[in-house]
Amino acid sequence: MAMSFAAPTPARTVCCQTNNNTYSRGPNCVKCNSAFRNAVSRNLAANHVTLRTGVRRIAWKTLAVKQASERRQVTLTIRCATIEEIQAEKAAVENYVKQRMDKTIESVKSKFNSVRTGRAAPSMLDRVEVEYYGAPVSLKSIAQISTPDSSSLLVQPYDKSSLKTIEKALVASDLGMTPNNDGEVIRLSVPPLTSDRRKELSKVVAKQAEEGKVALRNIRRDGIKAYQKLEKDKKLSEDIVRDLTNDLQKVTDEYIKKIDSIFKEKEKEVLTV
């Protein structure tokens, strides 16, 4: 917007006439007032102001008014990210997000497998841990688990000395099955599920599925923060970050659908008599 100035103000010298016809400092000068009255004027340009200066010689002394005209030129360079750079940043964030979301899906599947149904399955013991030589290890890493029939499990340890420890871990678990140790192997009988128990397990599975969805949303949030950091570092613009965030939401929606799919399968398995 243009800026207006008042009318040019006459410049006053720094000397004035005294009673003895000498010159000293003062607001008015009878000797050179007329010569310097319009010595200074303002010139308005598009984005700067120039001051014109003048010099007047007075008898034995030179009086100079100097004012350097200053022009400041500011060059602002804005660099936009190329398509290749945007795609590279997007790929890096999405790959990181997808890797974590894949692990979340595997974790949900593992939890679903540990929920017992009417049929015996080795995966029912996936989450059982055994204290083996002072360190907790997975049962399936120190024993072979099989299903002789649809209602029983057979646990055969690679080291027979660990039978007692395995039996203790099975009793402490929440499987609801009593182990039978014959000194060689451990047998587990899978009791049939009542209708009420199936409904309870269905609620457990639903809760596990919801926990998986929450984990996916938290991963999406971390991805959005990564994009926001790129925006803060001036690597990506606000509009581009908004578009990338929308794409990230689409990825999240796809993984949520995967959880919904495996949940429906598990729920059907649990409720089927």
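**Strands, helices and buried residues**

Me: Which strand pairs with strand β10 (residues 152-157) over four bridges?
Reply: Strands here are DSSP runs of E with at least two residues, helices are runs of H or I with at least four, and both are numbered from the N terminus. Two strands pair if DSSP finds at least two bridges between them. The pairing of β10 is antiparallel, and the partner, residues 186-189, is strand β12.

Me: What kind of model is this, and from which number are the residues counted?
Reply: The model is predicted: local features need pLDDT of at least 70 and side-chain atom pairs count only at pLDDT 80 or more, while totals for chains, interfaces and linings use all residues. Side-chain values use heavy atoms, with hydrogens and water left out, and residues are numbered along each chain, as its sequence is written, from 1.

Me: Which residue of β12 is the bridge partner of S152?
Reply: Strands of a sheet pair through backbone hydrogen bonds, either parallel or antiparallel. Between β10 and β12 the sense is antiparallel. The bridge partner of S152 is S189.

Me: Which strands stand at the edges of the open sheet of four strands?
Reply: The order of the sheet is β9-β10-β12-β11, with antiparallel pairing. Each edge strand has a single partner, so one side of it is left without a neighbour in the sheet. The edge strands are β9 (143-149) and β11 (179-181).

Me: At about what angle does helix α4 run to β11?
Reply: Axes are lines fitted to C-alpha atoms, for helices over the stretch in contact, and angles run from 0 to 180 degrees between N-to-C directions. Helix α4 (residues 163-172) lies across β9, β10, β11 and β12. Its angle to β11 is about 165 degrees.

Me: Which residue in the turn between β7 and β8 has a positive phi?
Reply: Strand β7 (129-132) is joined to β8 (residues 135-138) by four bridges, and the two run antiparallel. Within this pair, E131 stands opposite P136. The two strands form a hairpin with two residues between them, and the residue with a phi of about 55 degrees is Y133.

Me: Is L139 buried or exposed?
Reply: L139 lies in helix α3 (residues 139-142). Apart from neighbours within four places in sequence, its contacts (heavy atoms within 4.5 Å) include L125, V128 and I166. A residue is buried under 20% relative accessible area, exposed over 50% and partly exposed in between, with a 1.4 Å probe and protein chains only. The relative accessible area of L139 is 0%, so L139 is buried.

Me: How many Å separate the C-alpha atoms of L139 and V128?
Reply: V128 is one of the residues in contact with L139. The two are 11 residues apart along the chain. Their C-alpha atoms are separated by 5.8 Å.

Me: What is the relative accessible area of M124?
Reply: M124 lies in the loop between α2 (83-114) and β7. Leaving aside neighbours within four places in sequence, it is in contact with residues including N113, L175 and V190. M124 is buried, with a relative accessible area of 3%.

Me: What is the relative accessible area of K266?
Reply: K266 lies in helix α6 (residues 238-271). Not counting residues up to four places away in sequence, K266 touches F112, N113, V115, T117 and V205. K266 is buried, and its relative accessible area is 6%.

Me: What share of the residues of the chain counts as buried?
Reply: The chain has six helices and 12 strands. Of its 273 residues, the share counted as buried is 30%.
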